[in-house]
Amino acid sequence: MTETLKLTNVVKYYQDGDARIEVLREVSLAVKPGEFAAVVGPSGAGKSTFLSIAGALLRPSEGQVYLAGQEITQLSQKQWTKIRLEQIGFIFQNSELIPYLTVMDQLRYMSVLAKRKGQEQRAQDLLTHLELANRLQQYPAALSGGERQRVAIARALMNDPQLILADEPTASLDSKRGREVVTMLRDEVHANHKAAVMVTHDERVLDLVDTVYQIEDGVLKKKD
Amino acid sequence: MFLALRDLRHAKLKFGLISLIIFLIVFLVLFITGLAAGLASDNGAAISESPASGYVLQKGAENRFSRSTLTKTKAQQLAKKFKQATPLTIQQGTIQRAKDAAKKTDMAYFVVKQGSFIAPKSVSGQTLNTTGVVVSDKLKASGYRLGQKFKDSQSGVTLKIIGFTTAMTYSHTPVVYVTPNQWQKMMPQETQTVSALAVKQTTTTKPKLAGANLVSKEAIIQNVPGYSAEQGSLDMMIAFLYIISVVVLAVFFYVITIQKIREFGVLKALGTKTSYLARYLIGEIGVVALLAVIIADIVVAALAQVMPAAMPFIISGQIILTTSLIFVVVAVLSAVVSLVKVARVDPNTAIGGAGE
Ligand SMILES: Nc1ncnc2c1ncn2[C@@H]1O[C@H](COP(=O)(O)OP(=O)(O)OP(=O)(O)O)[C@@H](O)[C@H]1O
Ligand SMILES: [Mg+2]
């Protein structure tokens, strides 16, 4: 079976005058469909950098990135945009919902971008599933932090991507709400057979994921 | 337009205020344009609406009637070079009514032969003949009526109004058309001269004229006392309004764009193309500008109907349309700086929760 996300020997460094700041060193990882992986590590360890490279947002200095068997490392920005739209679902740290779109419209927008018609029912089902059925016409400002993150999960799933990338999705939530959100994310990942990588600080949710990776000083290791 | 329409609906106040500013600027531009056209007409309607295509003036008169004198013999010689030509004398003066002697009115005498092609068309009363004078409609505002008599302040000669023509004006004063006979009674010392020759020319070839110049209608209007300075300042105001609106709108849209940089980063990370964002921005600006312009057009069109006669205001549908079009284009152009900014947003900024 092909891994949904595969990184091989990914190196990322920044040149600072003569000095070379290595942010990621020889990072390799593979995530299979239906697998929910977490990446933990201290601040400045390179978690965000890792997620950007996995998400076709940042080019690695060395190494390769594969998405469902296709190498995407050297594709153009334009091709990356298309890949992000169709194959990757993002969940951002502060949910980053669009302030002037209602909950339904947040999801509709994804279908509009992908030029997919007849997705109304899918959007409603997703939101119902995430217990947001009575929030469809609300604007993000009227939602609680946990509700916002759930809308973000629904938005990430809307275009049925193969890979879900979550950037500290619990950072702005209390531990109870954080657990709820991660549980829902896990259920969606398992039920829809998605591959997911979640970057987090929050050690308390690690029992909910399938695989845990530890990153320290740019070195990624699997934790047993 | 998915984003544009929803953003517009959600931030009604913000876009309403921008619309209001565009409305005020467009309104001001149209208003000044109408006023400029009104003043232009007020300044030279008697020339611009005359059937004469040009005028023969004395050499060195610098296209001004007041500086031109032709002897009648000279005028007759010159007239032979044209298919149609008739002498014309223009002089500014003051008139007053017998019972209201304290109230004088500035006006301009046009001395024209009765029955000549530059004789005024009467709207009411008789056409110009030796029994009296035909005067501009504008004199009605000063209380002059058909059949009334008035006095030329300088010579004391009394003239009777036998007809009214349209709002003919020269250098912002109403025109009184008199026949050469009447003029001789008023100005007995000037029997041998006229100001110029009004001609109607069908060919484009310029005949050779000794000691005189053929001057186009347009050149005459440009040199009516005060005309160029007046129109020049109004044109300048309009040009500045355009520049101001480009700058104001560019700043507005730039500020709005700056506020949305983070959101644009997220939209791009989600897979939105820069071209889509550009259309979103232009769509938003287009709708706001169009709305403002349409309201301004309606207000100006309505205003044109109710402007008092003392404030000449002329605006055509075509001018309204062209101005509106220019404005929508200007509004969209003002977004260019913002578009450059949007193009430069890095989608990677969405990762890492930067800024919060
Ligand atoms: N453009 C850049 N130029 C230079 N150094 C950079 C750049 N981007 C990131 N870094 C460095 O790379 C290192 C890793 O950054 P990254 O944001 O990936 O850390 P992180 O693990 O996400 O930290 P946190 O938990 O605080 O979000 C940091 O030391 C950072 O200073
Ligand atoms: Mg980070």
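How many residues does the contact take from chain A and from chain B? Here are my notes, starting with that one.

1. The contact takes 26 residues from chain A and 25 from chain B, where contact means heavy atoms within 4.5 Å. Keep in mind that this is a predicted model, in which local features need pLDDT of at least 70 and side-chain atom pairs count only at pLDDT 80 or more, while totals for chains, interfaces and linings use all residues. Residues are numbered from 1 along each chain as its sequence is written, chains are lettered from A and ligands numbered from 1 in the order in which they are written, and side-chain values use heavy atoms, with hydrogens and water left out.

2. The size of an interface is often given as the accessible area lost when the parts come together. Here chains A and B bury about 2500 Å² between them, with 64% of it on carbon and sulfur atoms; buried area is the accessible area (1.4 Å probe) that two parts lose on being put together, summed over both.

3. Now for the polar side of the interface. There are eight residue pairs in polar contact between chain A and chain B, both residues at pLDDT 80 or more. A polar contact is a pair of N or O atoms within 3.5 Å; within protein, one must be able to donate a hydrogen and the other to accept it, and residues adjacent in sequence count only if both atoms are side-chain atoms. On the side of chain A that touches chain B, the elements giving two or more residues are α1 (47–54), α2 (77–87) and α3 (103–113) of chain A. Of these, α3(A) gives the most, with six residues. Helices (H or I, at least four residues) and strands (E, at least two) are DSSP runs, numbered from the N terminus.

4. Have a look at α3(A) itself. Nine of its eleven residues are buried, meaning under 20% relative accessible area, with exposed being over 50% and partly exposed in between (1.4 Å probe, protein chains only). The buried residues of α3(A) pack against α2, α4 (120–129) and α5 (145–158) of chain A, together with α1 (2–10), α7 (261–269) and α8 (274–306) of chain B. After the helix comes Lys115(A), with a positive phi near 55 degrees.

5. Two salt bridges are found across the interface of chain A and chain B, a salt bridge being a side-chain nitrogen of Lys or Arg within 4 Å of a carboxyl oxygen of Asp or Glu. In one, Arg262(B) meets Glu96(A) at 2.3 Å, N to O. Another salt bridge is between Arg6(B) and Asp105(A), with the closest N and O atoms 2.8 Å apart. Arg6(B) lies in helix α1 of chain B and Asp105(A) in helix α3 of chain A, so the pair joins two chains.

6. Arg179(A) counts as partly exposed because its relative accessibility is 33%, whereas Asp207(A), at 52%, counts as exposed.

7. Lastly, ligand 1. One of its oxygen atoms is 2.8 Å from a polar backbone atom of Gly44(A). An oxygen atom of ligand 1 is also 2.5 Å from an N or O atom in the side chain of Thr49(A).
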